[in-house]
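Please view the sequence and the structure side by side before reading the points below.

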Amino acid sequence: MIEIQDLRKVYIMGEEEVAALDGVNLSIARGESVAVIGPSGSGKSSLMNILGGLDRPTTGAYRFEGEDVGHFDDDQLAEFRRRRIGFVFQSFQLLPRLTALQNVELPMIYAGLPPHERRARAGDLLDLVGLGPRKGHRPTQLSGGQQQRVAIARALANAPDLLLADEPTGALDTHTGEEVMALFKQLNRDGLTLVIVTHDPEVAAETNRRVSFRDGHIIGDQQGAAA
Amino acid sequence: MKFFELIRFAFGAIIAHPLRSGLTSLGVVIGVAAVVMMTSIGLGAQQKVSSAIAGLGSNLIIVSPGAARAGGGGGFVQQGAGTGLSLKDGDAEAIGKQVDGVTAVAPIVRGQAQLTADGANWNTRIEGVTPAYLVARDLTIASGRMFDEREARQGRKVAVIGETVARELWGEADPVGKRVRVRSVPFEVVGVLASKGQSGFGQDQDDVVLGPLQAVRSRIVGRRIRGDAVQSIYVKAASDDILDRVQEDVTNLLREQHKIRPGDDDDFSTQNMASILAASQAAVATFTVLLAAVAAVSLLVGGVGIMNIMLVAVTERTREIGLRMAVGAKRSDVLIQFALESVALSLIGGIIGLAIGVGGAIAIARLGSWPAAVPPWAGPLSLGFSMLVGLVFGAYPSWRAARLDPIEALRRE
């Protein structure tokens, strides 16, 4: 599904060029669950931004289902994110003014779904993540774990091909983190491709494949359940 | 479809901060209210001036003795009182006979006189006129009759009085047939004028006594005016479009009558009511535009306030913008959302300002003597203008929002 060849991402910091990604090759198949691990500054966040269509590579190729995402313009990237990608962030990124249901509806508004359809689907998704009774709550009225579930429901709104999670348990306590990971695993079992960026080995251990980064290079790619 | 959703987002953001939104709109509220009030008062003043001049009679040319003096600036020409009584009865007669398109020629003398009747006293204006005066001034008789040409020529002492005079001397009783002494000269009241109310210049038009020209000239104002001199000649043209031509004919005729040689100055002046009206209208219009322009400046200040708050909103909601982009909003979606928010803020201010402006204009009209007329275009124009202000001053903040890098935006605290 994902084909990355010789990907480089260079940032200009003052007069210096810093290569956040320096010749990365990676392919991810449909249905995989992949942990991208490495210390901060290793390039894993840059990879996630490019995978999610939030950023473009400096050089190299990024193909998604055969589409040349690496050379999309801004509007094409926006449409790519809307149709293909579901984002889950460490800090949830829910809009505080909106209820849980309205937060989940948001991506479907940009997809142009009629109100009754998107309300019904948002309700179903909240049921799926176990927040059926809290549809009308605002983010401040929900616990961290509940907020992250709303965010996951929102990520699933437009039936994405890829769920991209950036430290999804980073702001949660161990127990809630495990619950959220269980939800991810269930979604993956149902066929959703999953990429989790994390530096937590326990989270990484829950996936089927672990790709390790250091200084912009892949230094390890381990298949199968963690040892 | 999506546009409607973006409007909802915009209003959601406005409602989320009611106080801030209200204060932001306040600038536009004040600006629009000021513009609407100023133009309403200006239009009212314009109508007042028009009715004041129209109250003198339509299609009217006023001929006065003495040369016109420069420096009138388009207003009424100064006239030397009691000096140069160059106009005579014969002039009026000649105009009536020799100028085409004239429906009435009314020579007139004026004075101030003490009236006494049945023990009551009243001081008022007295005008010595001919029956044609009613036609020239668009006056009508409410009860009784106007004295006729024969009575006027014979110098009969009959009078037509205004409503105010009738009320002051006889109260509710019918004055027709009663006797009134004008400076001790007895007159018989034969008619009462229909009320014209207050003139545009603040004068009570019903506080007047009309008497036959001969009688009034010889018996009442005779000390100042002798022989056959008159103080003004009112000439009414048949229609609006021949007014200029009639004015020219009158001038030429009078020069001939007065034997003024080519190149010499006139010893009389003519004033065309239509041109006075146009000049005073133009003066009021200029004044109105000036006031409205000053008021429009406050509208611009309101626009700057909106821009300021929108810039704050974009900074505050950077993460929201990043998130919207992450879930698939295009830059144009973000741009439109913020532009709509700014337009809505301004438009709300415009609607409230319009209401206050109209209400204020009506209140001023009711409380003071100053009239106000809300122009029909005030509504659409002020709403259109406030939308434009929102669009112009919202453009830069919206553009800033749309140019944000989603990664940076999401990372912002």
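The crossing of helix 9 and helix 11 of chain B is right-handed, where a crossing counts as right-handed if the near helix is turned clockwise from the far one by less than a right angle, and left-handed if anticlockwise. Helices (H or I, at least four residues) and strands (E, at least two) are DSSP runs, numbered from the N terminus. The model is predicted: local features need pLDDT of at least 70, side-chain atom pairs count only at pLDDT 80 or more, and totals for chains, interfaces and linings use all residues. Residues are numbered from 1 along each chain as its sequence is written, while chains are lettered from A and ligands numbered from 1 in the order in which they are written.

**Helix pairs**

- Two packed helices are described by the angle between their axes and the distance between the axes.
- In chain B, the axes of helix 9 (residues 273-316) and helix 11 (residues 331-367) come within 11 Å and cross at roughly 140°; axes are lines fitted to C-alpha atoms, for helices over the stretch in contact, and angles run from 0 to 180 degrees between N-to-C directions.
- B:Gly302, B:Ile306, B:Met310 and B:Val314 of helix 9 of chain B meet B:Phe338, B:Ser342, B:Leu345, B:Ser346 and B:Gly349 of helix 11 of chain B; two residues are in contact if their C-beta atoms, placed from the backbone, lie within 7 Å.
- This contact of helix 9 with helix 11 of chain B has five nonpolar, four polar and no charged residues; Ala, Val, Leu, Ile, Met, Phe, Trp, Tyr, Cys and Pro count as nonpolar, Asp, Glu, Lys and Arg as charged, and the others, Gly among them, as polar.
- In chain A, the axes of helix 5 (residues 144-155) and helix 6 (residues 174-189) come within 9 Å and cross at roughly 20°.
- Helix 5 of chain A is therefore roughly parallel to helix 6 of chain A, a term for angles under 35 degrees.
- Helix 5 of chain A also passes helix 6 of chain A in a right-handed crossing.

**Where the chains meet**

- The contact between the chains takes 20 residues from chain A and 19 residues from chain B.
- On the side of chain A that touches chain B, helix 2 of chain A gives the most, with six residues.
- By class, that side of chain A has 10 nonpolar, three polar and seven charged residues.
- The buried residues of helix 2 of chain A are A:Leu77, A:Ala78, A:Arg81, A:Arg82 and A:Arg84; a residue is buried if 20 or more other C-beta atoms lie within 10 Å of its own, exposed if 12 or fewer, and partly exposed in between, with C-beta atoms placed from the backbone.
- Their cover includes helix 3 of chain A and helix 10 (318-326) of chain B.

**Two residues of chain B**

- B:Leu213 lies in helix 7 (residues 213-220) of chain B and counts as buried because it has 25 C-beta neighbours inside 10 Å.
- The C-alpha atoms of B:Leu213 and B:Ile108 are separated by 6.7 Å, although these residues are 105 residues apart along the chain.
- B:Ser195 is found in the loop between strand 7 (185-193) and strand 8 (208-212) of chain B, and counts as partly exposed because it has 13 C-beta neighbours inside 10 Å.
- Leaving aside neighbours within four places in sequence, B:Ser195 is in contact with B:Glu163 and B:Asp206.

Notes:
Parallel < 35°, antiparallel > 145°, perpendicular 65-115°, else oblique.
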